[in-house]
Every structure is written in C-alpha cells, then in structure tokens.
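Good morning, and thank you for coming. Please look at the display first.

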Amino acid sequence: MNQEKLASDGYLNMELLRFTTAGSVDDGKSTLIGRLLYDSKSIFQDQIDAIEKASKNKGKDVADLALLTDGLKAEREQGITIDVAYRYFATPKRKFIIADTPGHIQYTRNMVTGASTANVALILIDARNGVIEQTLRHSYIASLLQIPHLVVCINKMDLVEFSEERFEQVKKHYLQFAPKFNVKDIHFIPISALNGDNVVDRSVNMDWYKGTTLLDLLENIYISGDVNHEDPRFPIQFVIRPQTDKFHDYRGYAGRIDGGIFNVGDKVKVMPSGYETEIVSIDTLGESLQSAFAPQSVTITIKDDIDISRGNILVKSDNVPLQSQDITAMMCWFNPRPLIHGGKYLLKHNTNEVKCVVKEVSYKMDINSLDENREDKNVKMNDIAKIMVRTSQPLFFDSYERNRRTGSFILVDEVTNETMGAGMIV
Amino acid sequence: MKPFNLTHLKELESESIFIFREVAAQFQNPVILFSGGKDSIVMFHLARKAFYPARVPIPLLHIDTGHNFEETIDFRDNLVHKNGVKLYIGSVQKTIDEGKVLEETGFNASRNVLQTTTLLDAIETHKFDCAVGGGRRDEEKARAKERFFSHRDEFGQWDPKNQRPELWNLFNGRKKMGEHFRVFPLSNWTELDVWQYIFMENIEIPSLYYTHRRECFLRDGVLLATAPFMQLKPTEKMEVLDVRCRTIGDITNTGLTQSKADNLKDIIDEIAAERTTERGMRFDDKRSETAMEDRKKEGYF
C-alpha cells in the first residue's frame with residue numbers, strides 16, 4: 001500500500017472501481033491478479049509466507065502467486081477455482097474490488113455473477129494461442145451483462161519475444177469479432193503477468209507500446225458515466241415510522257436510488273398506483289439533503305398521505321419507466337434443474353416480487369459460435385437464452401441496456417427457494 | 001470529487017445501508033451479532049443510518065466467552081443503553097456448564113471454537129431467522145468466497161460449494177422453517193476502509209484500540225495480554241508494555257501491537273504501513289491452513 005498517501009485525507013476522496021477477470025485455465029489469470037496485488041503492495045507478509053509454504057509443499061521453488069486466489073480447501077486440492085472470489089486492493093486514486101471468476105465453460109454462472117456489478121472486464125488472451133473460443137465466450141458475457149469497459153490483456157508476451165507484430169495480429173483478429181458484441185469501450189494491452197511487464201510497471205521489453213500500463217488504465221478509466229443519471233428511479237425498500245415523541249407523525253420511504261437525481265420539491269409519481277406528489281425532504285442520519293443521486297441510500301418523505309409500500313417505485317412525473325406484464329429477457333440459467341416451459345417461478349425485480357410463468361423460449365445462444373439456436377430450446381445450467389415470461393402483476397422497468405438495476409431480475413423456485421436464473425430485460 | 005459521484009467510503013456505506021434495509025424487510029426475527037470490536041461497532045453505526053430517524057429495529061446478540069476485556073463489556077453496555085436496543089447474551093460458560101461442549105485444556109486452550117455451539121443454540125432458542133455479522137471478505141481466504149446473504153441449513157452449516165448466485169442488488173433471503181441466514185453488510189470493506197470510516201464519521205470505539213499500558217507476554221510470536229485464566233509456560237515472561245489492539249476477540253486469542261498511537265490518524269498510519277493481516281494477529285487462525293473454513297462450515301461467525 002502506498003502508505004503516506006492512503007493514510008492522509010486524500011484517502012477520503014478515492015473512487016471505487018469494480019472489475020471482473022475472465023480467462024481460460026492457463027491464461028495466467030490468477031498470476032495476473034497475484035501480480036496486481038503483489039506489485040501494488042497489497043499482499044501482506046503473512047500471506048506471502050503462507051503461499052511460500054504451500055508452494056514448497058507442492059514442490060515448487062518460487063512462490064506461486066496463483067495460490068493467493070484459491071480460497072476453499074477443495075479448490076486448493078483440485079487446483080481449480082469453484083466459486084467467485086472477491087479481492088481488494090487500493091492505490092491512492094482508487095479502491096478496487098476484483099470479482100475473480102473461474103473460466104471453465106461449466107462456470108458461466110459464476111462469470112455472470114461477477115460481471116453483474118463490474119465497471120470493467122479484463123479479458124485475458126494467451127499471446128501464443130491468440131483469440132480462441134473461450135475469449136469470445138467471455139467477451140460475449142461481458143457485453144451481455146453490459147460491462148461498460150473491456151480491457152483485453154494479451155498475456156505471455158515474453159513467450160512470443162515481446163513481438164509487436166504478434167500483438168497487432170491478435171488485436172486485429174479480436175476486432176473482427178468485436179462488432180458481434182455491444183461494448184462501447186475496448187482497450188488492448190500487451191503484458192507478461194509472470195514478469196510484471198505493463199501490469200503495474202512499464203515494460204522495458206516493449207518500447208513499441210505507447211499506451212498505459214494496466215494499473216494506470218484501471219486508475220484513470222472514466223467511470224462516472226457508468227451510472228444512470230438520466231432516469232430518476234427510487235424503489236421503496238422499507239417504510240420508516242419512528243413513532244417517537246420527536247418524530248411522531250414521521251413517515252419516510254427508505255431505499256437506494258437506482259437511477260437519476262431527486263431534488264426536494266420534485267414532482268414525483270408512485271408506481272403502480274400512479275399517484276402524484278412532491279418530495280418534502282431527503283433524509284440521512286446527520287443531515288438532510290437538497291438532492292440525491294444513484295447509488296445513494298436515503299429516506300424520502302412526501303407531501304401527501306398516500307399508500308406506499310415495499311416494491312413500489314418512485315419516479316419523476318415526466319420520466320416514467322416502461323410498464324408490462326409480458327417481459328422479454330436474456331436469461332442465464334444457474335440451476336442443475338432445467339428451465340421449465342410453462343413453469344411458474346417467483347420473479348424478484350428490484351424490491352418487488354411477483355409470480356410469473358414462462359411463456360416462450362425464442363432461442364438458445366450458442367456461446368461458442370455466437371449463433372442463435374432455434375432447434376434445441378432446452379435451457380440447462382449455464383445456458384443463455386432469450387425467453388418471454390408473463391407476470392401476475394405489471395412490472396415497472398427500464399431496458400437492461402438503459403439501467404442495469406431496474407432492468408434485471410432473478411427467478412426463484414418457490415419450493416426449494418433456490419435462485420434459478422438471472423434475466424436482463426430486452 | 002465530481003458532482004454526482006460518490007467516494008468509495010460513501011459507496012460502501014450506501015451498499016451496507018441497503019443490505020440492512022433488506023434484512024429488516026426480508027426477515028421476521030433478525031439479530032445483529034455484536035462483539036464490541038470495531039467491525040461490529042461500525043456495523044451498528046450503519047444500522048442506525050439505515051433506519052434513522054427510527055431506532056434500530058434489530059436487537060443485538062453477544063456471544064460471551066467469559067474471557068473478555070473488561071473495557072469491551074463496558075463499551076457494549078453503554079452503547080446498548082444509549083441507543084435503546086435490546087441485547088441478548090449467549091454464554092459460552094453456560095454451554096460448558098450444561099455439558100454441551102467440553103472445554104479445551106492446556107496452554108493454548110481457547111473457547112473460540114466453543115462459541116459456535118453457543119451461537120447456534122442462541123439462534124435456535126430465540127428463533128432468529130437471520131444473524132447479521134461483521135465478517136469481511138478481505139479478512140481470510142474462506143471469507144473471500146462468502147455471499148452477502150449466506151444460507152445456513154437447519155444444522156447451521158455452510159455449504160461453500162453450493163451457494164446461491166448473487167447478482168446486482170437482488171438478494172434472495174427465502175428459506176425453509178428451521179433454516180437461517182447469515183448476512184454480512186461489511187463484505188466489501190477492508191480493514192483500512194473500516195478505520196477510515198471510523199475517522200470520517202467520528203465513531204466512538206473502545207479504549208483498547210488506543211495505546212495503553214498492560215501486562216503482556218510473548219507466545220509463538222504473538223503478544224498476548226495476561227489474565228487470571230491464562231497460564232504462562234515456564235519460558236514465558238510477563239512484561240509491562242505500551243500496546244493497543246488491532247482487533248478485539250476474547251483475551252486468549254487477541255494479539256496486541258506495541259504502539260504509542262493515541263489517536264485515529266496515528267492508528268490509520270500504522271495500519272496502512274502494517275505488513276501482516278489482522279487475522280495474522282489472531283491465535284485462532286494459526287491452528288491450520290483451513291481453520292476458518294472448517295469453523296465456518298460448522299456454523300461459526
């Protein structure tokens with residue numbers, strides 16, 4: 001850690017960036033994360049001691065940085081990553097949360113989970129192998145989940161003699177596929193995670209590369225635009241009624257703003273009732289605010305005494321969300337029990353819960369060829385499909401592309417209570 | 001900071017408040033696990049923010065090993081009194097007296113593992129359906145795999161290989177009778193975040209975190225406080241030193257740091273320069289490489 005700067009008040013002005021990493025088994029993903037943590041001095045001595053000890057037990061001479069990212073006993077025994085693991089590090093500019101997800105095909109659900117909250121996706125490519133099927137699969141998932149920024153790390157440059165020509169070749173090949181993905185911002189960096197080239201420190205082996213190092217990019221990439229500040233959305237989580245002498249008649253609506261900006265005095269509408277009212281105050285412990293924006297957690301009081309409860313959503317009168325009982329979505333399936341055509345599920349959207357029935361499966365995505373499969377419509381674990389559900393009550397939503405929070409939902413099995421799949425509203 | 005942009009501490013705060021409100025909305029009878037350590041204090045502060053101007057509608061549960069620092073208990077009682085919340089106490093001594101667990105013996109005897117039985121007992125007795133804990137993913141490798149909403153079966157066990165996927169801001173707290181959830185609002189916080197937040201919000205913490213003079217002794221590289229129930233080996237020597245706690249557990253496994261830091265800024269400087277993790281200071285984690293995972297599977301915090 002960069003002690004002096006972190007400890008000073010500057011630390012109180014840092015931003016938070018969440019990123020996810022995807023790569024196939026031998027792309028050096030764990031090594032890259034280990035390298036980022038190690039070179040940014042975010043690994044502690046006892047952790048280094050522990051992995052040195054574990055590496056020796058496995059008969060390795062040098063500390064295996066990849067071991068840093070294995071959490072569970074079964075993972076260390078089998079040498080594979082089973083579940084998403086979260087890692088943390090900070091530089092004077094930003095705090096980083098890494099969702100480290102396993103790359104194998106059977107773990108698509110973990111990649112989707114890690115990607116759901118990320119600002120940036122790191123896609124790893126082995127410079128020797130170039131773009132392979134898995135690269136496309138990872139990129140497709142990143143674009144499906146609408147991760148705003150993609151960083152393609154062309155790794156193991158040391159094994160292709162740090163060749164600029166090879167880097168350009170891989171980059172060009174990748175860009176041929178890029179139109180298939182809906183990603184606004186793509187970067188390419190030649191690195192060697194093993195030796196640290198262009199990860200934290202600039203490579204002395206690749207003079208030809210004029211771009212930034214990976215950490216530099218992560219520290220400076222513009223993320224303020226990643227949150228929706230256009231469409232005011234405030235799903236009600238909880239109603240606050242203190243019933244004390246001081247706040248006898250207080251009735252506040254607690255929630256986290258999912259989009260846009262709310263100001264005291266704004267004309268707002270409550271969905272689904274459609275009642276119009278006005279914001280009287282925006283309260284937090286310690287201070288009342290004049291305005292609040294996503295993703296702040298606040299408590300809002302309104303002028304009129306109307307019936308509002310959890311699951312309702314407060315919006316601006318002149319900017320209302322879409323409303324429908326027929327929802328079309330891209331669905332990722334998580335459970336070993338397949339999606340049932342005509343099956344009934346509990347749908348959780350925001351703070352709202354409704355029942356739904358699966359009406360149609362339009363197609364299944366072949367995530368290796370990126371083709372739509374309209375023949376086989378059996379949606380099994382780790383499959384991605386376009387489906388249509390009919391809900392028991394209307395949903396108030398935005399398209400996922402416009403707002404990741406008001407455009408997403410999960411399906412829950414009402415008997416087992418398991419989370420069966422995640423949907424992104426088209 | 002640009003307009004319409006949160007600092008990382010404000011964003012973490014907002015996320016934790018969201019979690020607390022989900023707990024209040026999704027569970028019938030939740031409880032906050034309160035140890036009197038800094039993480040549980042920050043957690044309670046966030047709970048106050050989540051429900052202001054109402055009182056925190058969730059009671060506290062302290063699993064009391066009986067091997068406490070006196071300062072922690074005073075602090076706890078004061079906080080409970082000031083905020084008008086209900087406090088439940090689960091006593092490890094009582095669990096031992098009832099013959100449900102056997103107390104460890106020997107020099108490194110600790111009641112750490114025994115706490116699990118007391119905790120699960122308390123959850124069952126009071127029919128809590130959700131226990132909110134201060135665990136952070138940066139603490140330990142098994143914790144790095146933990147969900148915000150972590151499902152426990154009717155035996156209180158954690159199945160790390162079969163966890164519910166958690167996406168966006170959608171937390172599935174549905175369960176069957178007899179099962180419960182553990183919820184971790186501080187999942188995404190690091191040790192430094194917690195300290196910076198205490199500083200930013202000016203949160204009161206027990207005096208143990210600041211420098212004070214105390215009788216201690218060195219065991220296996222960890223500086224421990226003396227107490228009537230701690231036996232010194234013949235080779236161990238009692239010393240009086242200026243120390244502070246970096247983390248507070250029960251006396252038998254809380255390592256002390258030699259320090260003269262008497263204010264938060266100095267403490268933060270020390271933490272930022274620290275080269276070992278805070279759990280590296282805990283005796284309970286030194287038992288084996290998977291000590292935490294093993295305990296967590298059984299139902300530990």
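Predicted model: local features only at pLDDT ≥ 70, side-chain atom pairs only at ≥ 80, totals over all residues.

Does B:Lys82 count as buried, partly exposed or exposed? B:Lys82 counts as exposed, at 56% relative accessibility; here buried means under 20% relative accessible area, exposed means over 50%, and partly exposed lies in between, with a 1.4 Å probe and protein chains only.

Residues are numbered from 1 along each chain as its sequence is written, chains are lettered from A and ligands numbered from 1 in the order in which they are written, and side-chain values use heavy atoms, with hydrogens and water left out.

Let us stay with the charged pairs. Side chains of opposite charge can pair when their charged atoms come close. A salt bridge is counted when a side-chain nitrogen of Lys or Arg lies within 4 Å of a carboxyl oxygen of Asp or Glu. Over all chains, the structure holds 42 salt bridges.

B:Lys82 takes part in one of them, with B:Glu204, at 3.3 Å from N to O. B:Lys82 lies in helix α3 (residues 70-83) of chain B and B:Glu204 in the loop between α6 and β7 (212-219) of chain B, so the pair ties together parts that are 122 residues apart in sequence. Helices (H or I, at least four residues) and strands (E, at least two) are DSSP runs, numbered from the N terminus. B:Glu204 is partly exposed, its relative accessible area being 46%. Also in chain B, a network of salt bridges links B:Lys10, B:Glu13, B:Lys49 and B:Glu201.

In chain A, A:Arg390 and A:Asp326 meet through their side chains in a salt bridge of 3.0 Å, N to O. Strand β21 (residues 384-397) of chain A holds A:Arg390 and strand β17 (residues 322-333) of chain A holds A:Asp326, so this pair ties together parts that are 64 residues apart in sequence. A:Arg390 is partly exposed at 33%, and A:Asp326 is partly exposed at 35%.

I turn now to helix packing in chain B. Helix α6 (residues 191-201) of chain B and helix α7 (residues 264-273) of chain B have axes that come within 10 Å and cross at roughly 170°. Axes are lines fitted to C-alpha atoms, for helices over the stretch in contact, and angles run from 0 to 180 degrees between N-to-C directions. That makes α6(B) roughly antiparallel to α7(B), a term used for angles over 145 degrees. Among the residues that meet are B:Trp195 and B:Phe199 in α6(B), and B:Ile267 and B:Ile271 in α7(B); contact means heavy atoms within 4.5 Å.

What of the interior? A nonpolar core is a set of buried Ala, Val, Leu, Ile, Met, Phe, Trp, Tyr and Cys residues joined through side-chain atoms within 4.5 Å. The largest such core has 75 residues, and those with the most contacts inside it include A:Phe19, A:Tyr140 and A:Ile384. Strand β4 (residues 120-126) of chain A gives the most to this core, with 6 residues. A second, separate core has 72 residues, B:Phe51 and B:Phe171 among them.

Leaving aside neighbours within four places in sequence, A:Tyr140 is in contact with residues including A:Phe181, A:Leu370 and A:Ile384. A:Leu370 brings us to the backbone. Most residues other than glycine have a negative phi, and most peptide bonds are trans. A:Leu370, although not a glycine, has a positive phi of about 60°. A:Leu370 lies in the loop between β19 (352-366) and β20 (371-373) of chain A, and counts as buried at 10% relative accessibility.

A:Glu161 also has a positive phi, near 55°. A:Glu161 is found in the loop between β5 (149-155) and α7 (164-177) of chain A, and is exposed, with a relative accessible area of 73%.

Where are cis peptide bonds found? One joins A:Met271 and A:Pro272, with omega about 10°, and A:Pro272 sits in the loop between β11 and β12 of chain A. Another runs from A:Ala294 to A:Pro295, with omega near 0°; A:Pro295 is in the loop between β14 (291-293) and β15 (297-302) of chain A.

Thank you; I welcome discussion.

Conventions
Parallel < 35°, antiparallel > 145°, perpendicular 65-115°, else oblique.
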